[in-house]
Amino acid sequence: MRVVAIQPDVPIAEVERSLTHLEDLIGQAAREHSPEAIFLPESMTTKNVYDRRMRTVARPLEGAPLEMLRRAARTHDCIVGGGYIAIRGADTRGTYAVVEPDGTAHFHDKDQPSFWENNYYSGGTDDGVIDTSLGTIGIANGFEWGRTRTARRMLGRVRLLAGGMHFPSFPSWRVTKPWFWDRDHMALLQYARETPPRMARLLGVPAVHPSHVGDFVMETMFLPGVPWPSICVGETAICDADGVV
């Protein structure tokens with residue numbers, strides 16, 4: 001199976017602009033690599049940060065983000081997957097959609113929001129195992145990639161692990177640089193780099209782990225008016241069942 005992992009740089013809370021950019025990236029990937037599947041990160045429509053603008057990014061489950069994925073899957077005759085905050089009745093979820101060329105859509109809701117994500121959506125209950133035309137695929141979002149319960153619910157059931165990550169780093173403030181940047185940022189970078197191969201080895205299947213990249217400035221928790229400048233760590237990876245990237 002030939003797969004593509006797209007590592008985008010998208011702005012905060014500019015959903016329609018991001019969707020246009022992502023559709024272009026999908027087209028470039030499809031033309032260059034002729035893959036059977038293309039995967040985008042979780043929260044593909046915006047950087048997933050602590051910011052009041054995030055209150056505007058939720059879209060209907062069958063809204064513009066899914067329409068873009070369906071259009072891309074149909075146009076390029078391959079499976080396309082990507083995540084967004086989806087409105088489900090009176091609530092929202094951190095949803096990942098995997099769309100077939102015929103328009104069939106499969107969904108996984110992230111099992112537990114992390115940190116500030118609790119401001120924007122609540123956890124889901126499905127197991128993240130979906131049956132597609134390429135076989136059974138496991139979907140993991142964010143810190144689901146690092147949880148043993150993810151491995152327990154997928155072990156022996158999937159032939160590929162996909163989904164995505166959004167990994168914002170620590171603030172690059174000069175006064176805290178020896179701790180937040182020189183120490184904690186490097187530890188986070190190592191975690192992001194090692195997690196996909198580790199989960200692939202646990203499950204015994206290949207893994208496709210698209211993440212976000214790029215600079216951003218968000219708000220600082222408990223310190224109104226103080227900016228938090230940082231980066232998304234990237235570390236997008238595709239690895240085999242032995243964890244070889």
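On a 1 Å grid over the protein atoms alone, a pocket is an open set of points where a 1.4 Å probe fits, with protein on both sides within 12 Å along at least five of seven lines; its lining residues have an atom within 4 Å of a point. The model is predicted, and totals for linings use all residues, while local features need pLDDT of at least 70. Residues are numbered from 1 along each chain as its sequence is written.

The second largest pocket is lined by residues that include Tyr-50, Asp-51, Arg-52 and Arg-55, together with Glu-219, Thr-220 and Leu-223. In the largest pocket, Phe-115, Trp-116, Phe-143, Pro-168 and Leu-188 are the lining residues nearest the centre, out of 19 in the lining. The table gives each volume, the space filled by probe spheres set on the grid points.

| Pocket | Volume |
|---|---|
| Largest pocket | about 370 Å³ |
| Second largest pocket | about 180 Å³ |

Helix H1, a DSSP run of H or I with at least four residues, covers residues 15-33. Its 19 residues should span 27 Å at 1.5 Å a residue, and the end C-alpha atoms lie 26 Å apart, which agrees. Ser-34 follows H1 and has a positive phi, near 45°.

Note on methods:
This is a predicted model: local features need pLDDT of at least 70, side-chain atom pairs count only at pLDDT 80 or more; totals for chains, interfaces and linings use all residues. Side-chain values use heavy atoms; hydrogens and water are left out. Helices (H or I, at least four residues) and strands (E, at least two) are DSSP runs, numbered from the N terminus. The expected span of a helix is 1.5 Å times one less than its number of residues.
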